[in-house]
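Have a look at the model first.

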Amino acid sequence: MKRSYNLNILRSHPVLQSIKLLPTFLVLVGLCLFSSFILPQDDRSAPPRQPFKLVVLDPGHGGRDAGAVGRKANEKDIALAVALKLGKKIEDEMPGVKVIYTRKTDVFIPLYERPALANKHNADLFISIHCNAAATRRSPARGTETLVCGYNRLGQQDAAIRENASILLEDNYEENYGGFDPKDPSSMIVFQLMKNQHRRESIKLASLMQDKFTTSGRPDRGVKEQSLAVLATAGMPAVLTELGFMSSSIEEDYMLSTAGQKEMVQNLFDAIKTYKTSVER
């Protein structure tokens, strides 16, 4: 059974309400214990798998939210181009599998609506497509990485904060996310409560994506766990894949090129196909 968690519901849970008045460090400890004992940790007790039928593709950013900006293009445009090509390939070459997009044009979609669309349609996968960026163009950073929703390590919060910053462009973002402040790393503990039984499958898919990228000679930055808002409430295996660095002129040219996009689409398609085969056994 697929499950999703609503941030406001979690905040209003009696356990959380009862600890609101404790010192901050006790609140954090209480939240961690709550997540350990109340929320499911994996899907070992899940019912038999159903046929793989629906993928939701989420081109990152859009509209007034350009995402990372390169010398020639914006992240939002590359993400959309790759998502549309990937979706077409899935529907053409995976009989019986349907694709739904969170956006098909250059429009801004609030982060909370993206996984909500996947939940509404009971999707089998939620895949958010993005491009990375280093703090400076002089950085040698290159390669691909794929993120899953999980516990952040101290030195791995920069990407989560950058992606979650899109919340600030939404109307009523405080209400939609139960007061979550994307600028405050300590508030991310709320998202840690939303880990669900599909975490293991998310890691499997993310690992397959990284493996396929390496077959094309792309530098492998690995699979990372981040408390990203766009993944936190997805009630199915969900990943966010970073195709490359907009801050690298070499990688930007690759991601913009017809050959580069064809190769990235093939890598992602192969990962999804392999994942589909594994879950339908």
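Two strands count as paired when DSSP finds at least two bridges between them. This is a predicted model, and here β3 and β6 run parallel, joined by six bridges. Take I127: its bridge partner in β6 is V239.

Zooming out, the sheet is open and has six strands in the order β2-β1-β3-β6-β4-β5, with mixed pairing. β2 and β5 sit at the edges, each pairing on one side only. On average, neighbouring strands are turned by 25° against each other, direction ignored.

| Helix | Strands touched | Angle between directions |
|---|---|---|
| α9 | β3, β4, β5 and β6 | about 175° with β4 |
| α11 | β3 and β6 | about 115° with β6 |

Now for the insides. The largest nonpolar core has 38 residues, and L86, I127 and L243 have the most contacts inside it. Elements giving two or more residues to this core include β1, β3, α4 and α9, but the largest share, eight residues, comes from α12. L86 touches L57, I129, V265, L268, F269 and I272, leaving aside residues up to four places away in sequence. There's also a second, separate core of 21 residues, with V56, L111, F126 and Y177 among them.

Finally, α5. Its buried residues are R114, P115 and A118. Seen down the helix axis, they fall within an arc of 90°, so they line one face of α5. Their cover includes β1, β3 and α10. After α5 comes N122, with a positive phi near 55°.

Note on methods:
Residues numbered from 1 in each chain as written. Predicted model: local features only at pLDDT ≥ 70, side-chain atom pairs only at ≥ 80, totals over all residues. Heavy atoms only, no water. Core = buried A, V, L, I, M, F, W, Y, C linked by side-chain atoms within 4.5 Å. Buried < 20%, exposed > 50% of the residue type's maximum accessible area, 1.4 Å probe, protein only. Helix = DSSP H or I, 4+ residues; strand = E, 2+ residues; numbered from the N terminus. Contact = heavy atoms within 4.5 Å. Arc of directions from axis to C-beta. Axes fitted to C-alpha atoms, helices over the stretch in contact; angles between N-to-C directions.
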